[in-house]
Amino acid sequence: MSTPTKARTREMTRREFFLLAAGLGVSLFGSDRLYKWFMVHEDPLGEANESEVNKGGPYWAMVIDLEACIGCRRCVYACQATNDTADSHLWNIIIEDEDSFSKPVFITRPCMHCEHAPCVEVCPVKATYHREDGLVAMDYDRCIGCRYCMVACPYGVRVFNWDKNDGVNEQVPTWGTPEIPRRPRGVVEKCTFCAHRLDKAAERGLTPGIDAAATPACCVICPTEARNFGDLRDPNSPAAKRLVGRQSVVLRSDLGTNPRVFYLLPNEPA
Amino acid sequence: MQTIRKQLALVHPFWWWVAFLLLPISFGLFSGFWVFYKGLEVTNLTDGAPWGLWITLDLSCIGLAAGAFSLSALTYLLGRESYQPLARVAVFVGLLGYSGALMCLVLDIGRPDRFWHGWVYWNIHSMLWEVTMCITLYFSVLTLEVFPMVVELPIFDRFKRLRHLGHTVHHFAPLLAVIGMCLSLLHQSSLGGTYGVVVGRASLFRATMPLLFIVSAVAAGMAFSVHMTLIVQWLKKRTLVPMPVLFEVGQVAGAILLVYLYMRFWDTTVGNYGYSPGRTEAFTSLMSGSFAVSFWSWEIILGGLLAAYLLIRARNNQSVAMLLIGSGLTMGGLVANRLDTTLLAFTEPLTEHPAVTSPLVSHYFPAWTEIGTSIGIVAGLTLIFSLGMRYLPAFRGEPDELTEEVVVSIVGAPAPAGD
């Protein structure tokens, strides 16, 4: 391994010089090839960069009107019934906010389905990933339950199956019936935007956001139409129409996650 | 009765120590079984604080095992041949540290049956994936480095080929040191990076995390190896590593610790200038809130400044006590740092967006299952360490100033020396 001390003072031979030059050349060429190969085969942001994946397809989004929401919790119950979640594993929660605006508002919070989703970037096994349409989905068969995604999610939307969900779902059948199987103990889960409904929309000839069977359960059940779903690239979708003329925010825009859930701010008294 | 007592008195103290360790080990085994059987619901981890004591222990084990790569690098790459006996101890400690870390991780993940998914399903963007790969690869490197020491045991006398293989592997020690250093430089930092990339947690999202993690790990890892060597020498009444080497390495560790404190000072000062939601609250909690005692006393004063002073001054004073206490405090400082870093992120409000009151404030104290398994893991590692130090020929050591008869009465007659 070690070079004899004498060699340090010796001058470079012609052979060594050529070897060194050739080595440098090969490594320069090789690194250039390698770089190009990576640029072709691997987008630097990978699956985290949804906009590369979802070119021209529908841009699913949810628009939640804080003015219209009356805090009835029906979206929470419908979500719980449809996705068969336990009481401690709510995918859609409701927060009472009394301080932020001139009047108390109810903020319901599904998964934001971020374009640059921190959870997708950090998952060590790609158990959480961007679907073709850009929604953030989970592979429950691949998840190892390390909970790094829960550490990474800025919105706290992710819940972990600490125990086996084998209790009675109190919200069934009042608020809906389970449409997807229960998840096993030891994996993380979260709101899917009722992707199982979206996936069936085309073959049933339905339009998500307009037809109830192809729209997330929380939006369907809302009695005040505070939650709207649809394709933002379609100006006639309920979500797109609702955004027109209203002041909207996304949560923690400072993080650059680019969420798909928009909140319409309540009307302030003049 | 009299005879039993007499016979008990003849039992070597080492076996009392082993018997004592078996208590926490069995408790740990029981808790571990309980966790695997009942699932993580028997812990106090929550959706708000998904990582806790196990991750702290995991980070501490890996941090304290950093002596293995840094001392191997000093020995085999920078040519400090005199450090070799200490590097051997460090490598053995390192192997145990990484075993402990892997045990913590298997306990911590919700699906231990899928522990292998990281190797099969790659997400090269994930810090944790990189950590998983590096830790397991480095674990194999450490195993290879310890393998030659193990085959020197007398029970392998019959297996000449195995011992020959051990010699061959030992021949590649410098190569293993290079691979080990590369892997360690990656994952010791990316463990900090695992926290550093979490954009949503204000107290963690810092580009300095990887640097702080690796520098503190190198300081504490070296100090920990010195600490364990001193304890073993004291108990065995034999010299494993010459004292000048221990003093020298202690001084190096102290200097690196000072560098770490310097970096930490500027990171804390600049990183917390002005007000930023979440981050400032976390900072206040660390400086004067619920984490203040742990931060100021353990991380900064005892485990930082005092430890560095003792480590650096021990050589000039030729004081074993200073070296022992200094290295022990450094270790405590690292553990406190990993604990504070982990828990602070989960017990502070994260965000105050115009539209959201954060639901993420959590409180966490480990459950008996977490404490039991952690104690069990530490006790198990201590047991293997004790057995290794007693029986592995590499750690037989030289008799110190005690007479040969006394030594024989304490550690038994020395076997003929191996390679």
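In chain A of this predicted model, 62% of the contacts between residues at least 6 apart in sequence join residues that are at least 24 apart. Chain A has 270 residues, of which 45% count as buried. Its secondary structure consists of nine helices and 10 strands.

Four of these strands form an open sheet in chain A, in the order S8-S1-S10-S9 and with mixed pairing. Strands of a sheet pair through backbone hydrogen bonds, in either the parallel or the antiparallel sense. The edges of the sheet are taken by strand S8 (227-231) and strand S9 (248-249) of chain A; each has a single partner strand, so one side of each is left without a neighbour in the sheet. For S8(A), the pairing with strand S1 (residues 60-65) of chain A is antiparallel and runs over five bridges. One position can be followed in the structure: A:Ile64 has A:Arg227, in S8(A), as its bridge partner.

The next topic is the interface between the chains. On the side of chain A, 42 residues are in contact with 36 residues of chain B. Which elements of chain A give two or more residues to the side that touches chain B? They are strand S2 (93-97), helix H5 (118-122), helix H6 (148-152) and strand S6 (159-160) of chain A. Among them, H6(A) gives the most, with four residues. By class, this side of chain A has 27 nonpolar, six polar and nine charged residues.

Within chain B, a pair of helices can be examined in the same way. Two packed helices are described by the angle between their axes and by the distance between the axes. For helix H3 (residues 53-64) and helix H5 (residues 84-108) of chain B, the axes come within 8 Å and cross at roughly 160°. Angles over 145 degrees count as roughly antiparallel, and H3(B) and H5(B) are therefore roughly antiparallel to each other. Their crossing is left-handed.

The contact itself can be traced residue by residue. H3(B) contributes B:Trp54, B:Ile55, B:Leu57, B:Asp58, B:Cys61, B:Ile62 and B:Leu64. From H5(B), these meet B:Gly97, B:Tyr98, B:Gly100, B:Ala101, B:Cys104, B:Leu105, B:Leu107 and B:Asp108. The residues of this contact between H3(B) and H5(B) divide into 11 nonpolar, two polar and two charged.

How values were computed
Residues numbered from 1 in each chain as written. Chains lettered and ligands numbered in written order. Predicted model: local features only at pLDDT ≥ 70, side-chain atom pairs only at ≥ 80, totals over all residues. Buried ≥ 20, exposed ≤ 12 C-beta atoms within 10 Å, placed from the backbone. Contact = placed C-beta atoms within 7 Å. Axes fitted to C-alpha atoms, helices over the stretch in contact; angles between N-to-C directions. Parallel < 35°, antiparallel > 145°, perpendicular 65-115°, else oblique. Left-handed = near helix turned anticlockwise from the far one by under 90°. Nonpolar A, V, L, I, M, F, W, Y, C, P; charged D, E, K, R; others polar. Pairing = 2+ DSSP bridges.
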